Amino acid sequence: MKIAVACDPAGVVLKDAVMETLKELGAEATYLGIHDNDTTRDYPVFALRAAKAVAAKEYDRGIVICGTGVGISIAANKVKGIRCCCCSDCYSAKMTRAHNDANMLAIGGRVIAPETAKMIVEIFMTTEFEGGRHQRRVDQITAIENGQELE
């Protein structure tokens with residue numbers, strides 16, 4: 001599985017833990033984030049870079065990191081075809097894959113510790129989408145994204 005990883009300066013603290021976990025899981029991870037400590041670089045740039053690559057099917061999934069995970073997830077979700085969930089706990093990571101078929105994960109470098117990040121990434125990567133009634137809901141999310149009305 002090919003994974004795009006990107007972060008802003010506040011997310012760099014989790015980058016190594018995420019990359020290490022992906023390697024341990026046998027994933028082919030590519031880092032698309034910041035390579036220096038330039039705090040003038042903003043998270044939407046890195047969210048867009050990773051999200052566009054996932055939406056274009058260059059990568060199977062993406063993981064993005066900022067201070068809280070919230071801003072970078074909002075930015076990633078602006079790209080058509082992206083379902084990015086900000087997770088700070090293992091249960092949310094499991095459910096976003098199982099029920100929402102999320103293709104991107106956002107985490108916060110100022111919110112969770114590296115060991116927690118590793119657990120969240122492992123669960124996100126190993127949980128399969130359940131389909132069934134959840135597919136109908138994912139289809140509805142796609143319809144909203146395409147400007148369609150529901151009901």
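Me: Hi! Is Glu 20 buried, exposed or partly exposed?
Reply: Hi! Glu 20 counts as partly exposed, at 37% relative accessibility. Keep in mind that this is a predicted model.

Me: Thanks. Which side chain does Glu 20 meet in a salt bridge?
Reply: That would be Lys 118, with N and O 3.0 Å apart. This pair links distant parts of the chain, as Glu 20 sits in helix α1 and Lys 118 in helix α5 (residues 114-126), 98 residues apart.

Me: How many salt bridges does the structure hold?
Reply: There are 5 salt bridges. One of them joins the side chains of Asp 101 and Arg 83, at 3.5 Å from N to O.

Me: Where do Asp 101 and Arg 83 lie?
Reply: Both are in loops: Asp 101 is in the one between α4 (90-98) and β5 (104-108), and Arg 83 is in the one between α3 (70-76) and β4 (84-86). The pair therefore ties together parts that are 18 residues apart in sequence. Asp 101 is partly exposed, with 21% relative accessibility, whereas Arg 83 is buried at 18%.

Me: Let's move to Thr 21. Is Thr 21 buried or exposed?
Reply: Thr 21 counts as buried because its relative accessible area is 4%, under the 20% cut-off. You'll find Thr 21 in helix α1 (residues 12-24).

Me: What lies 2.8 Å from a polar atom of the Thr 21 side chain?
Reply: The backbone oxygen of Ala 17 is at that distance.

Me: Which residues does Thr 21 touch, leaving out those up to four places away in sequence?
Reply: Thr 21 touches Lys 118, Val 121 and Glu 122.

Me: Nice, that takes us to α5. How many residues does α5 have, and how far does the helix reach?
Reply: Helix α5 has 13 residues and spans 18 Å between its first and last C-alpha, close to the 18 Å expected at 1.5 Å a residue.

Me: Which residues of α5 are buried?
Reply: They are Ala 117, Lys 118, Ile 120, Val 121, Phe 124 and Met 125.

Me: What do the buried residues of α5 pack against?
Reply: Quite a list: β1 (2-7), α1, β3 (61-66), α4 and β5.

Me: New topic: how many disulfides does the count come to?
Reply: The count is 0. For Cys 7, the nearest cysteine sulfur is that of Cys 66, 9.6 Å away. Cys 7 is also buried, with a relative accessible area of 0%.

Me: Last one! What is the relative accessibility of Cys 85?
Reply: Cys 85 is at 24%, so this cysteine counts as partly exposed.

Note on methods: Residues are numbered from 1 along each chain as its sequence is written. This is a predicted model: local features need pLDDT of at least 70, side-chain atom pairs count only at pLDDT 80 or more; totals for chains, interfaces and linings use all residues. Side-chain values use heavy atoms; hydrogens and water are left out. Helices (H or I, at least four residues) and strands (E, at least two) are DSSP runs, numbered from the N terminus. Buried means under 20% relative accessible area, exposed over 50%, partly exposed in between (1.4 Å probe, protein chains only). A polar contact is a pair of N or O atoms within 3.5 Å; within protein, one must be able to donate a hydrogen and the other to accept it, and residues adjacent in sequence count only if both atoms are side-chain atoms. Contact means heavy atoms within 4.5 Å. A salt bridge is a side-chain nitrogen of Lys or Arg within 4 Å of a carboxyl oxygen of Asp or Glu. The expected span of a helix is 1.5 Å times one less than its number of residues. A disulfide is a pair of cysteine sulfur atoms within 2.5 Å.
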